[in-house]
Amino acid sequence: MVRFLTALLCTVGALLATVVPAEAAAPAYAAVPDAGGRRPGGGPPLAIRGADVSSLAKSEALGGVYRYADGRRGDALAILRHGGLNYIRLKVWVNPADGYNTKTQVLAVAKRAKALGMGLLVDFHYSDSWADPGKQNKPAAWESLSFDALKQALHDHTYDVLSALKAQGTTADMVQVGNELNGGLLWPDGRWDNWPQLAALLNAGYDAVKAVSGDTKVVLHLADGGDNGLYRWWFDNAAAHGVRYDVIGLSYYPYWHGTLAAFQANLNDVAARYGKPVVVAETAYPFTTGDDDGWENIVTSAEPYPGYPATPAGQAAFARDLMDVVRAVPGGRGLGAFWWEATWTGVKGNGWDPADPASGNAWENQALFGFGDRALPALREFARR
């Protein structure tokens, strides 16, 4: 994301038993998927019911707590898995000021997720901090590199993280070569107005991914999921310049990115036009207008999108309807979606700015855990069949 950063993914029961302490064993919900990923009385759900949990490692290090809906404490990933999610997404920064969102945390969290039978999407930002449509800043260590050296650095960084994941038995299932690439990446070299260089950088990332695992799917991800003109312009240029990829990723936040109808139309169009499956790489919605850490939230309206109040029920309704939109993409090309920063609760010190420990979290009212640390109803709606 992230618009505010511009201005600021055996049986489930058996698996959970290996992660959740005995005193916090998972409640026996009827809706837990069986070993085949199906729900009682129904067919297969969407292939991806995911959550971005990039903030989790830091939250846990600072004392963050996560609870099942009934209040019992548990492992955050186990709670998400028990609720029906089957994928996590983790971002990677190159050399962030706080030392988080690096290969170290990705390896550790990936091992936990894979032990639960979850898939893994790795999101390379190719920056020391947030990369999004408003900024695609080079890592400090890459600032003075020539273009050829920059391309090699991107390749080597991608290969390094992914090969380490493979070596520990947690090969990435999907990889984003860049984050919210509306305007390109690694500015100015790979900016939108220099497509030959942008394409070369993206293909260097693709080559690194496939060198580690030919089965890993490469995702190219844009923001503004309701803007069909943007997507046609960007992916037409990608095609014209020989950019290689497997999946189209979209961010869709309804209070910023247009109507659900416009989003549906864009999903349907790009899936058909480019012959690629689509995945919602980021989405979220508030469950309250309140604040839990003293740092003003980004979305504070009582009804940020018409018909969906900022309440637990409103959040759950949006989650359900968003997944229905993805499910309706013709040809089965709608893979699923990731809830952005599902575990980013109001833990002191786990703020948005890696260089400022005093910064707060402007997103905790959109997590999948409430201010009492309990899993919210949206979790189960987001993962339903």
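Contact here means heavy atoms within 4.5 Å, and helices (H or I, at least four residues) and strands (E, at least two) are DSSP runs, numbered from the N terminus. The model on your screen is predicted, so local features need pLDDT of at least 70 and side-chain atom pairs count only at pLDDT 80 or more, while totals for chains, interfaces and linings use all residues. Residues are numbered from 1 along each chain as its sequence is written, and side-chain values use heavy atoms, with hydrogens and water left out.

**Stop 1: α6 and α7**

Select residues 147-167 for helix α6 and 195-212 for helix α7. Two packed helices are described by the angle between their axes and the distance between the axes. Here the angle is about 25 degrees and the axes are 8 Å apart; axes are lines fitted to C-alpha atoms, for helices over the stretch in contact, and angles run from 0 to 180 degrees between N-to-C directions. α6 and α7 are therefore roughly parallel to each other (angles under 35 degrees count as roughly parallel, over 145 as roughly antiparallel, 65 to 115 as roughly perpendicular and the rest as oblique).

Now show side chains. On the α6 side, the contact residues include F147, L150, L154, Y159 and L162; their partners in α7 include Q197, L201, A204, V209 and V212. By class, the residues of this contact are 12 nonpolar, five polar and three charged (Ala, Val, Leu, Ile, Met, Phe, Trp, Tyr, Cys and Pro count as nonpolar, Asp, Glu, Lys and Arg as charged, and the others, Gly among them, as polar).

**Stop 2: the cis peptide bond**

Move on to W187 and P188, which are joined by a cis peptide bond with omega of about 0 degrees. You will find P188 in the loop between β5 (184-185) and β6 (190-191).

**Stop 3: α9 and α10**

Next, select 260-274 (α9) and 312-327 (α10). Their axes lie 9 Å apart, at an angle of about 30 degrees, and α9 and α10 are therefore roughly parallel to each other. Which residues of α9 meet α10? Look for L260, F263, Q264 and L267, facing F318, L322, V325 and V326 in α10. This contact has seven nonpolar residues, one polar and no charged.

**Stop 4**

Centre the view on N101, in the loop between β2 and α5. N101 is not a glycine, yet its phi is positive, at about 60 degrees. Most residues other than glycine have a negative phi, and most peptide bonds are trans.

N101 is also among the residues nearest the centre of the largest cavity, together with K91, W130, N350 and G351. (On a 1 Å grid over the protein atoms alone, a cavity is a set of points where a 1.4 Å probe fits but cannot get out; lining residues have an atom within 4 Å of a point.) The largest cavity has a volume of about 110 Å³, a volume being the space filled by probe spheres set on the points. Its lining counts 14 residues: five nonpolar, five polar and four charged.

Finally, select V53, S54, A57, L90, K91, N101, Q105, V106 and V109, which line the second largest cavity. This cavity's volume is about 50 Å³. Helix α5 gives the largest share of the lining, three residues.

Technical notes
1 Å grid on protein atoms, 1.4 Å probe; cavity = no way out; pocket = protein on both sides within 12 Å on 5 of 7 lines; lining within 4 Å.
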